[in-house]
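Please find below a short note on the structure that follows. Each numbered point takes up one topic.

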Amino acid sequence: MNLSKLLNKQQQKVVETIDGPILVLAGAGSGKTRSVIFRTAYLINEKKISPQNILVVTFTNKAANELRFRLKTTFKIDTYSLWIGTFHS
């Protein structure tokens, strides 16, 4: 996956940092969702991490649903075994 053509430097850092958990905090329209989607796909497809070992937490159900949808449609990832939810669920 050639990330330099698809993501900016900050987004690439989010995707390629694999030692431990990360927290992504940024303003509206900054590419948080895109970064998290690409990171999840990178961990599964490139680093061969099992989806059941990945936890993605966001603030809203809308964002969680968007993450699932985009992982399915963009990367053809079965999100059934992924842990994607909100702080409230």
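**Note on the predicted model**

1. Helix α1 carries the exposed residues K9, Q10 and K13 on the face turned away from its buried side. Here exposed means over 50% relative accessible area, buried under 20%, and partly exposed in between, computed with a 1.4 Å probe on protein chains only. Helices (H or I, at least four residues) and strands (E, at least two) are DSSP runs, numbered from the N terminus.

2. The model is predicted: local features need pLDDT of at least 70 and side-chain atom pairs count only at pLDDT 80 or more, while totals for chains, interfaces and linings use all residues. Residues are numbered from 1 along each chain as its sequence is written, and side-chain values use heavy atoms, with hydrogens and water left out.

3. Which residues of helix α1 (residues 9-16) are buried? They are Q11, Q12, V14 and V15. These residues cover an arc of only 160° around the axis, so they lie on the same side of α1; the arc is that of the directions from the helix axis to the C-beta atoms. An α-helix has 3.6 residues a turn, so residues three or four places apart point the same way. The buried residues of α1 pack against α2, where contact means heavy atoms within 4.5 Å.

4. A search of the whole structure finds one aromatic pair. The ring centres of F38 and F75 are 5.2 Å apart and the planes stand at 90°, so the pair is edge-to-face. Rings of Phe, Tyr and Trp (its six-membered ring) pair if their centres lie within 6.5 Å; planes under 30 degrees apart count as stacked, over 60 as edge-to-face and the rest as tilted. The pair links distant parts of the chain, with F38 in helix α2 (residues 32-46) and F75 in helix α3 (residues 61-75), 37 residues apart. Both F38 and F75 are buried.

5. K48, which is not a glycine, has a positive phi of about 55°. K48 is placed in the loop between α2 and β1, and it counts as exposed because its relative accessibility is 65%. K76, also a residue other than glycine, has a positive phi near 55°. The place of K76 is in the loop between α3 and β2 (83-86), and at 68% relative accessibility K76 counts as exposed.
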